[in-house]
Amino acid sequence: MTVIELIERCSARLEEAGVSFGHGTTNAFDEAAWLVLWAMKQPLDALEDVAESTMPAAAEQRALDLVEQRIATRRPAAYLTGEAWLQGVPFTVDERVIVPRSLIAECLADGTIDAWLSDRTQQVLDLCTGNGSLAVLAAMAWPDVQVTGADLSADALAVATLNVRRHELVDRITLVQGDGLAAVAGRRFDLILCNPPYVNAESMAALPPEYRAEPEMALSGNLAGGTDGMDFIRPLLAQAADHMTDDAVLVLEIGHERTFFEAAFPRLEAVWLPTSAGDDQVLLLTRAALEAAR
């Protein structure tokens, strides 16, 4: 059996089983390719080079076992492999963190945020850093900045530490523990990135098992997202200006909650940033806009 034939077989099996996607892939074929290439110890961008190769017997069995485990447990593939990729960069993951998929990563990679930055942009905060992926991508995007990654979860910070070390950024990324902006009390930043818990209670109840396998705190703040998903965001926006330099901006991901966001903050002037998921899931706020809405 060739590699591509095995991928097609595994893809059909995943489709038949009705698993849910969204943790690095959006369809059965891509998920199958991920698991097959992982079983072969090949990078995720190697498919074109190995597609017609004969599948080694041992790797074939590993791939089939992974697919069956994926179906039986409904755990995201990243938890089975211990690795996820974001903007082409690999990150260590396990059940202590959500699988990295923030749309803010696109804004870092394509330079969308750069127009609001300057040579005075030196201190960056990645709030709710999780496994540290946005902190790492920010450090890669802007080689002259210092990044602070903050999170309430000690478990998440332990995984973030692995990724900071993995990408040799110990000298440029500092990790701190605390609840929201209390983690950086007394400090000001030139840029704040935040992919917070924003899943509202109704949406949480409807999530498929793959999402339920992730830490609930990271999705909804242990349901502290509340009925509209804004319970973390309200105090964040009330306090953010006090942690921002004069020309600083805050980049915030809210997923599919724009209606709730605009209802909660009707006076706040936001700039909505384009992403592959649409123009209504990531927004940018200046310090001036936050001050004006107080």
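Colleague: What should I know about the numbering and the model before we start?

Modeller: Residues are numbered from 1 along each chain as its sequence is written, and side-chain values use heavy atoms, with hydrogens and water left out. The model is predicted, so to speak of local features requires pLDDT of at least 70, side-chain atom pairs count only at pLDDT 80 or more, and totals for chains, interfaces and linings use all residues.

Colleague: What is the strand order in the open sheet of seven strands?

Modeller: The order is β5-β4-β3-β6-β7-β9-β8, with mixed pairing. Strands are DSSP runs of E with at least two residues, helices are runs of H or I with at least four, and both are numbered from the N terminus. Two strands pair if DSSP finds at least two bridges between them.

Colleague: Which strands are at the edges?

Modeller: β5 (173-177) and β8 (271-275), each of which pairs on one side only.

Colleague: Which helix packs on the sheet, touching β4 and β5?

Modeller: Helix α8 (residues 154-166) does, and its direction makes about 170 degrees with that of β5. Contact means heavy atoms within 4.5 Å. Axes are lines fitted to C-alpha atoms, for helices over the stretch in contact, and angles run from 0 to 180 degrees between N-to-C directions.

Colleague: How many bridges join β8 to β9?

Modeller: Four, and the two strands run antiparallel. They form a hairpin with two residues between them, and W272 stands opposite L283 in β9. On β9 (residues 278-286), the pairing with β7 (residues 244-253) is also antiparallel, over five bridges, with L252 opposite L283.

Colleague: Changing topic: where does K41 lie?

Modeller: K41 is in the loop between α2 (28-39) and α3 (47-50). Its phi is near 60 degrees, a positive value in a residue other than glycine.

Colleague: Is K41 buried or exposed?

Modeller: K41 is exposed, at 71% relative accessible area. Buried means under 20%, exposed over 50%, and partly exposed in between (1.4 Å probe, protein chains only).

Colleague: And where is R74 found?

Modeller: R74 is in the loop between α4 (57-73) and α5 (77-81); its relative accessibility of 21% counts as partly exposed.

Colleague: Which element gives the largest share of the lining of the second largest pocket?

Modeller: α2 does, with four residues. Among the lining residues are D30, W34 and W85. On a 1 Å grid over the protein atoms alone, a pocket is an open set of points where a 1.4 Å probe fits, with protein on both sides within 12 Å along at least five of seven lines; lining residues have an atom within 4 Å of a point.
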